[in-house]
Amino acid sequence: MAFTPFFQGTDAQNVINNYLGTSTTATTPMQTQDMNEFGVFRNPYSPEGFYANETDVNPKPPFTPPVADENGNPQCDNANGYYYDVATNSCKLIESQSSNNDNDDGFVDNRTEDQKTYDRMASDVTDPYGSSNEIQKYFNEAKSDASISGDKYYDFDPRFKANTPFMGLNLFAQGLDAFTGGQNRRTNRFNTAVQTMLNQTANDKIYGQGNNPFAFGTMVGDNTLRMYSPQNYLDRVGNLAVTGNQGSTVNDLLNSMQQAENRRNVYDSATGKTFTPQGATITTDNSGQTITGSPLRNADGTRNNNAYQSAVAKNIARNIANQGVSGFDQKLGGFNRGK
């Protein structure tokens with residue numbers, strides 16, 4: 001009797017079929033229930049409200065920008081259930097919450113409301129934090145290390161990758177992945193995450209349809225996202241005029257910030273020297289937690305000026321996109337609204 005390897009024989013296929021159900025095999029194409037009545041793909045695990053309309057191929061826009069009142073404070077449409085989210089600088093729809101913490105499986109969710117909010121943001125690709133987490137999965141370290149400008153590259157690969165040492169488990173996972181949307185699901189999440197990330201600085205009324213001069217990065221081809229390094233971003237936007245600042249450029253605003261710091265010189269009686277607060281130690285730095293940020297401090301705790309100025313420039317860009325103005329006062333040398 002000839003020997004047949006397990007994974008090339010009928011036993012392996014039977015194992016997969018038994019796991020997935022008698023009506024589904026590893027080679028079964030996408031189920032029709034994944035397509036709605038309009039013939040548009042819908043991931044059954046997409047959260048409620050992920051798409052604005054059932055005919056939409058792409059999710060609803062990630063941002064509902066607030067409007068400013070007469071005092072410059074952000075306002076949202078509270079009457080229709082929107083609230084201002086300070087974390088994303090946008091209007092969010094209040095989600096209805098169940099009065100019962102137990103689901104149908106008897107599982108009790110003991111997370112605090114803060115933990116639930118954090119977990120929801122961390123996996124929501126329409127939120128900048130969640131989109132960063134999704135994109136980070138595809139970080140290309142070799143290409144990023146080779147970048148002369150220090151830019152970071154993220155190469156999307158829609159193929160399923162199971163890294164368990166057991167081939168049987170890998171086949172199970174592959175079949176389950178196909179059953180839950182597979183490549184279409186991953187492609188949809190990546191594209192939405194990129195849209196969320198780049199649209200933080202988009203404003204069609206100000207820049208025109210499809211123009212985004214203050215974008216934090218750009219797509220290179222269909223599957224590679226390039227995020228600009230702090231210095232490269234400053235080089236790209238430094239000479240751009242800032243809306244609402246009477247023709248001043250980003251560099252003009254950053255220079256006014258430096259001048260304001262110089263006016264706040266501090267005398268150190270212990271050393272007899274005068275220094276500026278920019279050299280002060282930064283004790284807490286969360287700026288590197290997303291792909292748009294870089295650590296603001298050096299190894300000795302002092303401020304990294306390139307990263308700091310780039311972060312200020314990005315806040316200016318976000319404010320223009322969301323509020324129509326930079327929120328930066330040149331006389332003050334800093335922000336008087338927004339982030």
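Aspartate 151 counts as buried, with a relative accessibility of 0%; buried stands for under 20% relative accessible area, exposed for over 50% and partly exposed for values in between, with a 1.4 Å probe and protein chains only. The structure is a predicted model, in which local features need pLDDT of at least 70, side-chain atom pairs count only at pLDDT 80 or more, and totals for chains, interfaces and linings use all residues. Residues are numbered from 1 along each chain as its sequence is written, and side-chain values use heavy atoms, with hydrogens and water left out.

Aspartate 151 forms a salt bridge with arginine 226, and the closest N and O atoms of the pair are 2.6 Å apart. Aspartate 151 sits in the loop between helix 4 (141–145) and strand 5 (152–155), and arginine 226 in strand 7, so the pair ties together parts that are 75 residues apart in sequence. Helices (H or I, at least four residues) and strands (E, at least two) are DSSP runs, numbered from the N terminus.

A salt bridge is counted when a side-chain nitrogen of Lys or Arg lies within 4 Å of a carboxyl oxygen of Asp or Glu. By this rule there are five salt bridges. One of them joins arginine 303 to glutamate 261, with the closest N and O atoms 3.0 Å apart. Arginine 303 is in the loop between strand 9 (273–275) and helix 10, whereas glutamate 261 is in helix 9, so this pair ties together parts that are 42 residues apart in sequence. Both arginine 303 and glutamate 261 are buried.

Lysine 137 forms a salt bridge with glutamate 134, at 2.9 Å between the closest N and O atoms. Lysine 137 is exposed, at 57% relative accessible area, while glutamate 134 is buried, at 4%. Glu134, Lys137 and Arg189 are linked in a salt-bridge network.

With contact taken as heavy atoms within 4.5 Å, and residues up to four places away in sequence not counted, tyrosine 233 touches Phe214, Ala215, Phe216, Tyr228, Ser310, Ala313, Lys314 and Ala317.

Glutamine 246 lies in the loop between helix 8 and helix 9. Its phi is near 55°, a positive value in a residue other than glycine. Glutamine 246 is exposed, with a relative accessible area of 84%.
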